[in-house]
Amino acid sequence: MAEPGNWLPEQFPNGERKRDDRNATLTLLSSEKERWSQAIVQYLKQQKTLCGDILITSAFVSYMGYFTRQYRAELLNNAWIPFLKSQTVSVPLTDGLDPILMLTDDATVAAWHNQGLPNDRMSTENAAILTTSERWPLIIDPQQQGIKWIRNKLGPELRVVQLGQRGYLDVIEQALACGETVLIENLPEKVDPVLEHLLGRNTIRKGRYIQIGGKECEYNSNFQLILHTKLANPHFPPELQAQTTLINFTVTPVGLEEQLLGQVVSRERPDLETLKMELTTQQNHFKIELKRLEDHLLNRLSAAHGNFLGDISLVEQLENTKNTAAHIQCKVVEARENETKINEARELYRPAAERASVLFFIISDLSKINLMYQFSLKTFNSVFNKAMECAEWDEDVKTRVLTLTEAITYSVFLYTSQGLFERDKLTFLSHTAFQILLKQGMIDDQEFDFLLRFPVEASRVSPVSFLSPHAWGAIKTISTMEDFSGLDRDVESSPKRWRKIIESRCPEKERLPQDWKNKSSLQKLIILRALRPDRLTYTLRNFVEESMGSKYVEPARLEFDKLYEDSGSSTHVFFILSPGVDPLKDVEKLGLKLGFSIEHGTLHNVSLGQGQEKVAERVLNNASKLGHWVILQNVHLVARWLPSLDAVLETAAVDSHPDYRVFITGEPAPTPEQHVIPRGILENAIKITNEPPTGMSASLHAALNNFSQDTLDMCSREQEFNSMFFSLCFFHACVTERRKFGPQGWNHKYPFSTGDLTISANVLYNYLEANTKSMQVPWEDLCYLFGEIMYGGHITDDWDRRLCKTYLEEFMHPKMFEGELFLCPGFLAPPFMDYGGYHSYIDEHLPSENPTLYGLHPNAELECLAVTSDNLLRTLMELQPQDSSRGEGAAQSSEEKVKSIIEDILEKLPEEYNMAEIISKTTKRSPYILVCFQECERMNLLLTEIRRSLNELDLGLKGELTMSYNMENLQSALFTDSVPDSWARLAYPSTKSLAQWFSDLMSSCRELDSWTQDLVLPAVVWLSGLFNPQSFLTAVLQSIARKNQWPLDKMTLTVDVTKKTKDDFGHPPREGAYIHGLFMEGARWDTQSGLITEAVLRDLTPAMPVLYVRAVPAEEQELKSTYECPVYRTKQRGPTYVWTLHLRTKQPPAKWIVAGVVLLLSV
């Protein structure tokens, strides 16, 4: 034992050390005091506002997830917060409350960004909702950005399944028991009922089990379920929405712009982007580290017992925290300075990113035109990066950015247009040009909206002879706009100058008269849409060339070798098929060059059909390992297997051989409802369209190309065979090319094919050979076989059958042997010659492409072009962004526009007819009175539905009713000025815009008002305004049959075309009826001679005078020198057929048959 004297000195150093430690601890704690004191003040404030903050944040998590960024901000700042503050007892809230800071902290957000979460505000909000929601999250993620982050965040712990996948329920059951996280990918709108209990968390046995498919599965409370869909605008059932938290991960233009800006800068200035990334990562790391140290320190302090002031490790911990906090403070200041410099430098590259973002949303919208046009963000990114690689370098940053922007625009244009049909390329180009100019503020929004909607009402008459009433109505409407004031007066006062434009072959190249020539390109488009709608496509092409450059309107097609370079094991090539084209020749040709062929066993060609699915799966799996090529033909034929193919393509591409490639062919569906090809297959593929050349010359050459000199040599009756064979080829070219004229060509679209031609050629050979002895040509038999069986087998419409038969009677004629048969104006049937001679004869003698080659009037082409222009502009209107994420206030303005339309229609809409009161006016029940009653009943049904649906939508827009799928469709129809489906079903067929249709509806109501006053037949009946014109024409038959006691089945209608207009009649005829409101298409009625005659150029549908319709016994009807003219509701013809009227003609009826002459009730 030490002596007492020696003991004390030994203890002093230890005591001093403890004192020093205590002092150090106190000093360090006092240095933290300032920060912690500020935190305490903050916490005291939060105590008061905590309840309100929690309420807002809970609502944010529960309800905000599905909304766009703009709606979220509007709901939070303009609805919820003002509502809580306006209560009698105001709810205290933190100023500038940010729900994200309530749900998470900077450190966690930083970690999310490091895991691949896009760094825009919306994505951060989505992640906060997803990680804190009590209900299962259901993420709407068309661009796959959310799922990419979830996969990175959870890593190998995540179990990924798809509904319907083999054994997916077993995976869920296992995860339920082990408490793992399951992600269900690509959820459809209807979820398998077997998951009902799991989605609702309907546990049994005190929360320890859940029933799945009738089986009790053990439930671990750590189990998490995440649901994911690629659908851009899904309509999930209300119960699913209640069971889950919907989160909208759809990429926004602003968010995408930021991401793309990062990519541009990282390529152009890698030093800047690296520094920014380092700063961000460093900042994130510091925040995470400081949080960890503080948590650890507070944990130590709260867990300490007794006197902890001498705790050395605690002193070191405090010292470390203090130094880190000070270091971070310095770094934060330094980082802010650097970040300002970096952001200034980055901003120089923003125009390129902004353009790319606009382009992505343009190509995303193309699926509204055709569901085959699907593009993913992943493939867009690869095009975007390749464009930057190839762009010409320039030291000057501004020049370089301009070069980049142009390179990105042109690359996206080339990549996209190679997968579009010709008819859609100008739509895409125009949409691109308009969106770029709108973004740059180079065109006026209101003028652009007017061009697309073109809300004009046809005038009754036109004061100038060269303008139709409809065109004059358009001029009058345009003149009401400020920049077009006085246009109508100028047209009236200077008719010669304006006539020159109207009658020009290329009015788009003419200068407008007077000061109108100084108008902008967009204003000229508006004027030309009124004057010459048929030339609008050419004017739009010029507009694109002027605003974007000539290379965009020149035919550009990438060689298949170049396209192949962009493909890969996960990027397959999809050929969108067109009739008469074999796209696989290019694949086989390139394959031979690169050493892939069927002979070598390195190219596998699978033609899909029943039973080929397993073969295709086996081939794909083997080829991915061995690096072979696979061709899958006609995937549209195996609709049920396609979701499995999507999954097989995805799995086969993982760790596959670099040479592995897949080439797919498929036909587009005729309607969106029949579309079967999954989005995943299309959006990850390089899409290529191949269309055959069009026109009579190309079709006639193509028809001959199916044969050879051997075909011409095989028949012993060479002269007859060769002449008739050429006529047959001309007939084939005629019936196939005539389809391009729409309903004026054929009432329905028929799939005439080269098979019809080759079989008909064989029939021709067999019949001529069989009649060799008699040397007769069986004209009637051949015409019947070709017109009723070979080609006629496709035809379902009697009027189309009549047309086909007439063509054959014209082309299959003995005159051909005498060299006197004209196959079309200016084209004699060729004399006897060899195979090569026929090709040369076509090149030398066939007139240039025009409607007369098919027997149609030149107006048919003008009508076709005008319809194309109207459809193009209507499509452009449907492509305009309507949601808030696509432009400031866009949604608001669209909603307000719809509300004003609703108010306007409801204000003008007449009351329903009181049927009891109308019926009580008379005891008579004549055919005409019954027609009146039926019309009133039909009108009541329509008026009721219009009023009901509009009131329902109004409540939906006010937020008092849940928006349904039907309400959304109605809103969209009102916005795009088209007749809603629910109204069209109760009305009569119409091709008019909503404004024109509603105007007709009001006119119909006025006609019925007049008729129901005394139930006397109107002097002249407006046939076009009746729901059922057939019933009225039948009433004419019935009333005359009853009056004269003639048998109804032996009666027929006869028509006399008067020389008068509606206003010239004061009372109805004694028998029959006067009708008006008809128009002729394909020809015109000559009032002076009382005959059908050639149409006047550019007067497409001249109005008919009043017609006197009466009934006569069928045998008394005068049929000589008459044309049997069908009457249709609309220009769509086909299913809108009404009746047949016999009209007088001096020309052979065949002329009007091939010209497609009809009467229309509505134009």
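Which residue stands opposite Glu 1124 in S24? The residue is His 1142. The model discussed here is predicted.

## The open sheet

Glu 1124 and His 1142 face each other across a strand pair. Strand S23 covers residues 1122-1128 and pairs with S24 in the antiparallel sense. Seven bridges hold this pairing.

Both strands belong to an open sheet of four strands. The order is S19-S25-S23-S24, and the pairing is mixed. At the edges lie S19 (1079-1081) and S24 (1137-1144). Each of these edge strands pairs on one side only. From one strand to the next, the twist averages 35 degrees.

Strands of a sheet pair through backbone hydrogen bonds, and the pairing is either parallel or antiparallel.

Strand S22 spans residues 1107-1113. The strand is mostly covered, with six of its seven residues buried.

S22 pairs with S17 (residues 1051-1057). The two run antiparallel and are joined by seven bridges. Within this pairing, Met 1051 has Pro 1113 of S22 as its bridge partner. S22 also pairs with S18 (residues 1073-1076), again in the antiparallel sense. Here there are three bridges. Ile 1075 stands opposite Leu 1107 of S22.

Thr 416 sits in helix H15, which covers residues 397-417. Its relative accessible area is 0%. Buried means under 20%, so Thr 416 counts as buried.

What does Thr 416 contact, leaving aside its neighbours within four places in sequence? The contacts are Ile 363, Leu 366, Phe 375 and Phe 428.

## Partly exposed helix residues

Helix H1 runs over residues 4-63 and includes Ile 54. The relative accessible area of Ile 54 is 43%. That value lies between the 20% and 50% cut-offs, so Ile 54 is partly exposed. Ile 54 also contributes to a nonpolar surface patch, together with Leu 50 and Met 102. The area of this patch is about 240 Å².

Glu 896 is in helix H36 (residues 890-908). Its relative accessibility is 46%, so Glu 896 also counts as partly exposed. Glu 896 and Phe 975 are 79 residues apart along the chain. Their C-alpha atoms are separated by 9.8 Å.

Note on methods. Residues are numbered from 1 along each chain as its sequence is written. This is a predicted model: local features need pLDDT of at least 70, side-chain atom pairs count only at pLDDT 80 or more; totals for chains, interfaces and linings use all residues. Side-chain values use heavy atoms; hydrogens and water are left out. Buried means under 20% relative accessible area, exposed over 50%, partly exposed in between (1.4 Å probe, protein chains only). Two strands pair if DSSP finds at least two bridges between them. Patches are made of residues with over 30% relative accessible area and no salt bridge: like charges are joined within 9 Å, nonpolar side chains (Val, Leu, Ile, Met, Phe, Trp, Tyr) within 5 Å. Accessible areas come from the Shrake-Rupley method with a 1.4 Å probe; for residues, only the protein chains shown count as cover. A salt bridge is a side-chain nitrogen of Lys or Arg within 4 Å of a carboxyl oxygen of Asp or Glu. Contact means heavy atoms within 4.5 Å. Axes are lines fitted to C-alpha atoms, for helices over the stretch in contact, and angles run from 0 to 180 degrees between N-to-C directions.
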